[in-house]
Amino acid sequence: MQALLHSPYPDEAAILRLVIQQAGFSVRSIRDIDRAIEEWPENPAELVVLSLTDDFAKSLHRIVQMRAQAEITLIVITDPLTENKHVEILEAGADLVVTR
């Protein structure tokens with residue numbers, strides 16, 4: 001099973017990679033989320049773990065795009081946020097939102 005991982009933080013990416021591998025996935029790190037979305041038909045995955053950046057609106061758009069590609073498990077990692085923003089992420093298509 002394939003997992004895509006995006007985290008701009010090297011330490012966080014290393015820990016997440018280890019945890020995801022322990023769950024039985026092969027992990028492919030992605031730097032460019034937009035490119036991964038474009039290449040989705042050729043390189044699908046069963047799990048996507050996205051670590052959100054400061055651009056909340058752009059991140060929501062990417063979640064919607066990924067969800068439109070396939071019915072995958074989509075986990076979002078974020079800094080603490082308001083309840084409204086948490087709900088927005090879930091409504092955009094995330095299955096789980098985890099705060100750092």
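Predicted model: local features only at pLDDT ≥ 70, side-chain atom pairs only at ≥ 80, totals over all residues.

First, my pocket rule: on a 1 Å grid over the protein atoms alone, a pocket is an open set of points with protein on both sides within 12 Å along at least five of seven lines, and lining residues have an atom within 4 Å of a point. Grid points are joined across faces, edges and corners, and a volume is the space filled by probe spheres (1.4 Å probe) set on the points.

Numbering runs from 1 along each chain as its sequence is written, and side-chain values use heavy atoms, with hydrogens and water left out.

I get about 180 Å³ for the largest pocket. Its lining consists of Leu5, His6, Ser7, Pro8, Tyr9, Pro10, Ala13, Ser29, Ile30 and Arg31. Strand E1 (2-6) and helix H1 (10-22) are the elements that give two or more residues to this lining; helices (H or I, at least four residues) and strands (E, at least two) are DSSP runs, numbered from the N terminus. I sorted the lining by class and found six nonpolar, three polar and one charged residues. Here Ala, Val, Leu, Ile, Met, Phe, Trp, Tyr, Cys and Pro are nonpolar, Asp, Glu, Lys and Arg charged, and the others, Gly among them, polar.

**Sheet.** Five strands make an open sheet, ordered E2-E1-E3-E4-E5, with parallel pairing. I count two strands as paired if DSSP finds at least two bridges between them. Strands E2 (26-29) and E5 (96-99) are at the edges, each pairing on one side only. E4 (residues 73-78) pairs with E5 over four bridges, in the parallel sense. Threonine 78 sits opposite threonine 99 in E5.

**Salt bridges.** My rule is a side-chain nitrogen of Lys or Arg within 4 Å of a carboxyl oxygen of Asp or Glu, and it gives six. Which partners does arginine 67 have? One is glutamate 71, with the closest N and O atoms 3.7 Å apart; another is aspartate 95, at 2.9 Å, N to O. The aspartate 95 pair links distant parts of the chain, 28 residues apart: the loop between helix H4 (83-92) and E5, and helix H3 (residues 56-69).

I checked accessibility too (buried under 20% relative accessible area, exposed over 50%, partly exposed in between; 1.4 Å probe, protein chains only). Arginine 67 is buried at 17%, glutamate 71 is exposed at 71%, and aspartate 95 is partly exposed at 42%.

Last entry: Glu12, Asp79 and Arg100 are joined in a salt-bridge network.
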